[in-house]
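Work through each task before reading its solution.

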Amino acid sequence: MLRQHYGPDIAVVFIGPCGAKKNEGDRHPELLDAVITFTDLQAWCAEARIDPATLIAGAEDRFVPENAQEGALYPIEGGMIDTLRIQGGGERIHYSTVGGLRGIEHVLGGLQPENVTLPIFLELLACRGGCINGPCATPGQSGLKQWQEVISRADVPAEPVLRQPLSNIDENICDLPLPARTYGEQEIRQALRLVGKESRDDELNCGGCGYETCGDFATAILSGHAESSMCLSFLRVQAQKKANALLHCIPSAIVLADHSLKVLDCNRNFAKLLDPELLEAYDICQGLSGASLMRILPFTDLFKEVLSSDCSLHREALHVGERIFDLTIFPIEAGQVVGGVISDVTDSELPREMIAQRGQEVIRKNLKTVQEVACLLGENMAETEILLRSLVEGFAPANRVNPHSGPQ
Ligand code: SF4
């Protein structure tokens, strides 16, 4: 359909939250040139320093050839069934949704085709909640919020519409069971250690990787079907460790605060910069979490400004008492979390300011001298001009006396 619309020379790329689509893409090179996930796309944009939010599409860049209408419901659990119902799909058919691999196993396990006596349509989703919970979707949002967003974007027709497909991409799926390989407890433990799971308590069984349990995920790693970067809790811990390492190694003072200006995190340099007592408190409490910035920092108004404007702010030489700070405040989460990087530049800034002041003084004095010289020059010029004029007038022909002519 896209090639009919845009011409045969285009490359068709599927972008979604689903790792399984890569396999599907490989099986259909005639349909898809490449499959990438949302996490691939995010990493690519970050690498190429592209912020999609700042791109403004012109009419010629519009990708969507037509409105997906009820098709936009597809990524949520039950969405596929909703689209069928909207198309008036079979009054007598019973519809049911099953989410999660365990659920699917429960419904289909041991099933013989002759046991299916009713017309039933099963929407079977490996990821509970639907594609919006796929392993390569952006985590962190509440499920209900995501559902609402999807539903509000779907342009559902008021009356049932029977749609004819523009292309036929039917496929017969054969039963190709994977050769089952079982792994011993030792091997499973080893694989779990790759994602930081040392004991049973570390196994969250959250399903974020697309597998029902951490054990299933470990089996998939051992079979070569999964990789450690698919475990969300592992990624979160890794990201936290990297952020902590940066926070505590950086020579500047860094503080992160919430919307009520309570410290979420800070480094030792932050406490050291402000007050020896604060440094003592930092060392005793292993941080300053929960402390009020308003009682620590004399310029919290600037933090409030960034929280409300959602724009970064930089002051190169902020004078606070006898000290001068170089300060950058930046929003982390709009209106919720703000960060600040502070350096004491008194030692380098003060001589600079003094030099600048002295320079101004020299310039002022020079100007004064130049003005005085100009003034003297002006006076001199005026006197010279008067003298020259009187001389010129004295020698003008009308005033010259002809010794051979009598008086006229
Ligand atoms: S995402 Fe990680 S913690 Fe969650 S089930 Fe998968 S392996 Fe376990």
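**Exercise 1.** Determine how far apart Arg-189 and Glu-185 are in helix H7.

*Solution.* Step 1: Arg-189 and Glu-185 are four residues apart in helix H7 (residues 185-193), so about one helical turn separates them. Helices are DSSP runs (H or I) of at least four residues, numbered from the N terminus. Step 2: the two side chains meet in a salt bridge, with 3.6 Å from N to O. A salt bridge is a side-chain nitrogen of Lys or Arg within 4 Å of a carboxyl oxygen of Asp or Glu. Step 3: Glu-185, Arg-189, Arg-200 and Glu-203 are linked in a network of salt bridges.

The model is predicted: local features need pLDDT of at least 70, side-chain atom pairs count only at pLDDT 80 or more, and totals for chains, interfaces and linings use all residues. Residues are numbered from 1 along each chain as its sequence is written, and side-chain values use heavy atoms, leaving out hydrogens and water.

**Exercise 2.** Classify Arg-189 as buried, partly exposed or exposed.

*Solution.* Step 1: buried means under 20% relative accessible area, exposed over 50%, and partly exposed in between (1.4 Å probe, protein chains only). Step 2: Arg-189 has 12% relative accessibility and therefore counts as buried.

Note on methods. Helices (H or I, at least four residues) and strands (E, at least two) are DSSP runs, numbered from the N terminus.
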